[in-house]
Amino acid sequence: MKRISIIGYGQLGKECFATLRRTHLQDSVMVYRHDAGFDATDEKTLDSIVELSDVVINCAAMTDVNACETDMKKAIDINYLMPKKLAKRIKSHLGNKRLVHISTDFVYGTSMDDKAGMSLIDEPCDLNPCNFYGKTKAYGEEAVIDEMKYCENSLLVLRPSYLFGEYGTNSFVRRTIDALLASRINKISVKVVNDQFIYPTSCSDVCNVISMFIDHKMSGDIYNVRCLDAEENKIRSKYDIAKYIQSLIGGELEETSTSELYNEGTGAVRQKNSALSVYRLMNSISKYNYYERSQGDKQKLFTWQDRIEHICRSVVDKKCD
Ligand SMILES: NC(=O)c1ccc[n+]([C@@H]2O[C@H](COP(=O)([O-])OP(=O)(O)OC[C@H]3O[C@@H](n4cnc5c(N)ncnc54)[C@H](OP(=O)(O)O)[C@@H]3O)[C@@H](O)[C@H]2O)c1
């Protein structure tokens, strides 16, 4: 029996807890919730979490990108110092404990913006975060990797992009679904930019990858993670994703650009290119043929089209209840 601990009970933490409780019946799965009084920045709390775990999954973070610009201390404490302290403790157990650290595409920042709409971002790319959230996440990730550099196969760092799922209502995908549904009634168009390039990441797929790592079905490393695309060589703007959602649920949609939508100087700067390559991840997963389907095709991750369709159905069903 493995003892699996999840730190953070936000959209990904909730999905991880629900998934691992279902898939790892033979293991013990614990979750440490901020809203229940667990503060992961507290050293004694971290000591006891690590002591009681074989695998720790760090899903806790300050994710409000604009708030990170103003409450810098809080952002540093949870996004940088907490993962560093956690990795130090895991390392001290000499390879007997393992860590999953959730990072973000925001660590890349503007490093690939001049290729936006043309090129996917690979993991070895330079990190050039363009806002304080991205900077603190990059420091956290760097610290974790540095602490655990001699702990072979004990560390998995995942860089998801634009996470969405059953449990979070504040993601780009969920906000777009809600706004389009509302626009069917109020007739106010939902404005979405056509010059930021993304592939969203379903929390379910992140959980599947974590599950493979726990089961030793892929190697520890730094991986981009996102949903696949039904036409994998096409790079999508946020507007393209919104247009797909509109094709499923209707509503009024209007195309705009970043400079038109946001007044210069308000809020944190956003990168243009968040289109991640998942070549490294797919390669690692293929070695284990983990998702081999009965039909013979090897499905490693689902497409964002499949995942969004599923979420749209679930949101609409809940609204009809
Ligand atoms: N959301 C995205 O689009 C996205 C994209 C790429 C990567 N990521 C990364 O994915 C991970 C999960 O993100 P998410 O979308 O699940 O974010 P989320 O919904 O905001 O969840 C983050 C959780 O961390 C908790 N937390 C904050 N400070 C804490 C502390 N001191 N002790 C314990 N828990 C604390 C928060 O609790 P409170 O709310 O009570 O403070 C919240 O439940 C994060 O590392 C994030 O950087 C997110």
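View 1. The 6 strands follow the order S2-S1-S3-S4-S5-S10, and their pairing is parallel. Two strands count as paired if DSSP finds at least two bridges between them. Strands are DSSP runs of E with at least two residues, helices are runs of H or I with at least four, and both are numbered from the N terminus. S2 and S10 (222-225) are the edge strands, each pairing on one side only. Neighbouring strands are turned by 15 degrees against each other on average, direction ignored. Here, axes are lines fitted to C-alpha atoms, and angles run from 0 to 180 degrees between N-to-C directions.

The model is predicted: local features need pLDDT of at least 70, side-chain atom pairs count only at pLDDT 80 or more, and totals for chains, interfaces and linings use all residues. Residues are numbered from 1 along each chain as its sequence is written.

**View 2. Strand S1 pairs with S2.** S1 (residues 3-7) and S2 (residues 28-32) run parallel, joined by 5 bridges. Helix H1 (residues 11-23) carries the chain across from S1 to S2, and this β-α-β crossover is right-handed. That term applies if, with the strands pointing away from the viewer, the path from the first strand over the helix to the second runs clockwise. Look for two pairs of residues: Ile6 has Val31 as its bridge partner, and Ile7 stands opposite Tyr32.

**View 3. S1 also pairs with S3.** S3 (residues 55-58) is parallel to S1, with 4 bridges between them. Ile7 stands opposite Asn58 in S3. S1 is mostly covered, with 4 of its 5 residues buried. A residue is buried if 20 or more other C-beta atoms lie within 10 Å of its own, with C-beta atoms placed from the backbone.

View 4. S5 (residues 155-160) and S10 run parallel and share 4 bridges. Val157 has Ile222 in S10 as its bridge partner.

**View 5. Helix H5 is mostly covered.** H5 spans residues 132-147. Of its 16 residues, 13 are buried. From first C-alpha to last, H5 reaches 22 Å, close to the 22 Å expected at 1.5 Å a residue. The expected span is 1.5 Å times one less than the number of residues.

View 6. Of the 27 residues around the ligand, Gly10, His34, Ala40, Ala61 and Thr104 come nearest. A residue is near if its C-beta atom, placed from the backbone, lies within 6 Å. H1 gives the most to this shell, with 3 residues.

Definitions and conventions
Buried ≥ 20, exposed ≤ 12 C-beta atoms within 10 Å, placed from the backbone.
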